[in-house]
Amino acid sequence: MTTYLILHGFQNHRPPGHWQHWLAGELRARGHEVRYPQLPQANAPVLEEWLDALEEHGKRPAEGEFVVLAHSLSVLLWLRAGARRPEADRVLLVAPPSPGVTASIPEIAAFADGLDLTERGLRARLVYGDGDPYCPEGADVPYGIPLGLDLDHVPGGGHLNPEHGGYGPWPAVLAWCEDPATRLTGARG
């Protein structure tokens, strides 16, 4: 059995129409353990509280694979966690907001402050879409290339959420959960 930790972004209250909510249900139906916590104060997150929640929910299971999927602001949470980052077998980082956009939003600016984009050896796959209003330069520029991440570009994907890209059910991300060799290039439901 695989354990999945799904981490949402800013102002996300885990709505049923979001691909993360859909994915949690699909994975549970296949018999996997899924941790999909509501992170504290989603509308005005405090970095330290989110780091504490990451530690609490990111405890590695005694057996099986441990996989983390982070969307939007939780990608920055994952990057900022440093030594507090849970030990995961696989990590999928989806549609992070750019450091500049994050710094311009007072409620989340602390997530960009002190962000180290020179870290080496970070094993993760970054998935990003064209036309993401929260990362207009494309997430490969501030994150993927500097961090040496494995990249999946989704043409027309926007922010890879229901509002910006139409990502409710997303069969490609479920396929990646089952087979990490799967490329995430779109294929939303």
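## Exercises on burial, ring pairs and salt bridges

Arginine 85 counts as buried, its relative accessibility being 17%. Buried here means under 20% relative accessible area, exposed means over 50%, and partly exposed lies in between (1.4 Å probe, protein chains only). The model is predicted: local features need pLDDT of at least 70 and side-chain atom pairs count only at pLDDT 80 or more, whereas totals for chains, interfaces and linings use all residues. Residues are numbered from 1 along each chain as its sequence is written, and side-chain values use heavy atoms, with hydrogens and water left out.

### Exercise 1. A salt bridge of arginine 85

Determine which side chain meets arginine 85 in a salt bridge, and locate both residues.

*Step 1.* A salt bridge requires a side-chain nitrogen of Lys or Arg within 4 Å of a carboxyl oxygen of Asp or Glu. By this rule the model holds 13 salt bridges.

*Step 2.* The partner is glutamate 119, at 2.9 Å from N to O. Glutamate 119 belongs to the loop between α5 and β5 (125-129), and arginine 85 to the loop between α3 and β4 (90-94); the pair thus links distant parts of the chain, 34 residues apart. Helices (H or I, at least four residues) and strands (E, at least two) are DSSP runs, numbered from the N terminus.

*Step 3.* Glutamate 119 is partly exposed, with a relative accessible area of 22%.

### Exercise 2. An aromatic cluster

Trace the ring pairs that link Trp19, Tyr167 and Trp170.

*Step 1.* Rings of Phe, Tyr and Trp (its six-membered ring) pair if their centres lie within 6.5 Å; planes under 30 degrees apart are stacked, over 60 edge-to-face, and the rest tilted. This rule gives 3 aromatic pairs.

*Step 2.* Tryptophan 19 and tryptophan 170 are edge-to-face, with 5.1 Å between centres and 85° between planes. Tryptophan 19 lies in helix α1 (residues 19-29) and tryptophan 170 in the loop between β6 (150-154) and α7 (171-178), 151 residues apart.

*Step 3.* Tyrosine 167 and tryptophan 170 are edge-to-face too, at 4.8 Å and 65°.

*Step 4.* Tryptophan 19 is buried at 0%, tryptophan 170 at 0% and tyrosine 167 at 1%.

### Exercise 3. The buried face of α2

Explain why the buried residues of α2 line one face of the helix.

*Step 1.* Within α2 (residues 47-57), Leu47, Trp50, Leu51, Ala53 and Leu54 are buried.

*Step 2.* Viewed down the axis, these residues fall within an arc of 160°, so they line one face. The arc is taken over directions from the helix axis to the C-beta atoms.

*Step 3.* An α-helix has 3.6 residues a turn, so residues three or four places apart point the same way.

*Step 4.* The cover over these buried residues includes β1 (3-7), α3 (73-81) and α5 (109-112), where contact means heavy atoms within 4.5 Å.
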